[in-house]
Amino acid sequence: MSNKCIDSGNNAAAHAARLAGVEVVAAYPITPQTPLTEKLSEWVASGEMDAEYVAVESEHSALGVCIGAASAGVRAFTATSANGLLYMSEQLHWAAGARLPLVMCVVNRGVGAPWSVWNDHQDAMSQRDTGWIQLFVKDHQEIVDVTIKAFRLAEAVHIPVMVNYDGYYLSHTYMPFELPDAEAVRAFLPPYVYKHALDPQRPENLNSVTLPDARRDAGGVLRGGYMDIRHNLQQEMHQALAVWEEIDADYRQRFGRGGAPVLEAYRLEDAEFVVVAMGTLANQFRDVVDRLRQEDGIRVGVLAVQVYRPFPARQLAEALQAARGVMVFEKGLSYGHQGALFADVKSALYPWPARPVLRNFIVGIGGREIPTNELCRNLKQACGQDELPPEVADTPNWIGLQL
């Protein structure tokens, strides 16, 4: 039986981890992720959750514990934010390189220094090249559904998955959501079985020193070197998109939710202009485009990027072929260049015949308020600027600066 409730986004994530049958949780508290790990520790202590909660002294150790658990064939989970995620950076690369199917919720927050506990996407952006699949969600229901599906994806493709949700916008706000039936989740997500699980009766070498060139193993089978292993990760990251769509289709059939696992379009059918965004910002833009259509007659829509890594370049370029202008609004950037999402969108469109005019807007860094009126004003202005010098069109516009 499903269960409808009103609760915080952090508790929604905790419910999802419990429903997924997590056996080991290792985490270090950091704002705004803390209530998520507190809830899991309460359930483990009270016996409501049959798992081992490992209290660690740092985020680096938290992911180290999860790496060990997953290597032993145990379903493991952790969560963090901002500088905690950066403290895990070495272990992020290790988990991906070892092809361990971990799931981690990242409650997105600005990175210090200076210290900020408020929301933006710079933490996730800074770790986008670690080899993890990165998913972004927009509300509490998606936190539940995507986290459960993320375990099945990670275990199907043997690549770890980050489920990103906005600090405070989602972590501490209360929204209604529905928890799926536990028995039905167990049918959707069978117990984790790792064929290379550590077993004294069946010794194996895992992640030993790898040479530049391929070599034969003890059985005479040719095994790739470091470069070949990295090539396979790249190839299988891209293949993971199709697997993710299959998993979403199965989840939708069982639970009635899903249908747009990679990109989610809103009012795109006749749109001349398209806003590309991630997380709660994409939801906020639904109000903006409704207003511009009603008050100004501007045919504009929203395309929410739900999977950021692997980057869905083909799907995104196809969705934008009919657009006259594309405006990328984002809460992070690649310092010294431009918004990371903007650069990815531009790169995805380059090989395609239609290359709409592109603009980049940086908003909400470090929790700076994002007034809907300001989004309306900037988007309306951008829709009327088809002819800009290349260097101007390619320069990020900062909304809400107080200098």
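Arg299 and Glu272 form a salt bridge (a side-chain nitrogen of Lys or Arg within 4 Å of a carboxyl oxygen of Asp or Glu), with the closest N and O atoms 3.6 Å apart. The pair links distant parts of the chain, 27 residues apart: Arg299 lies in the loop between helix H10 (280-296) and strand E13 (300-305), and Glu272 in the loop between E11 and strand E12 (273-277). Helices (H or I, at least four residues) and strands (E, at least two) are DSSP runs, numbered from the N terminus. The model is predicted, so that local features need pLDDT of at least 70 and side-chain atom pairs count only at pLDDT 80 or more, while totals for chains, interfaces and linings use all residues. Residues are numbered from 1 along each chain as its sequence is written, and side-chain values use heavy atoms, with hydrogens and water left out.

The count comes to 24 salt bridges. In one of them, Arg257 pairs with Asp145, the closest N and O atoms being 2.7 Å apart. Arg257 lies in the loop between helix H9 (226-255) and strand E11 (263-266) and Asp145 in helix H7 (residues 140-157), so the pair ties together parts that are 112 residues apart in sequence. Buried means under 20% relative accessible area, exposed over 50%, and partly exposed in between (1.4 Å probe, protein chains only). Arg257 counts as buried because its relative accessibility is 16%, and Asp145, at 6%, is likewise buried. By contrast, Arg299 is partly exposed at 37%, as is Glu272 at 23%. Salt bridges that share partners also join Lys138, Glu142, Glu264 and Arg286 into one network.
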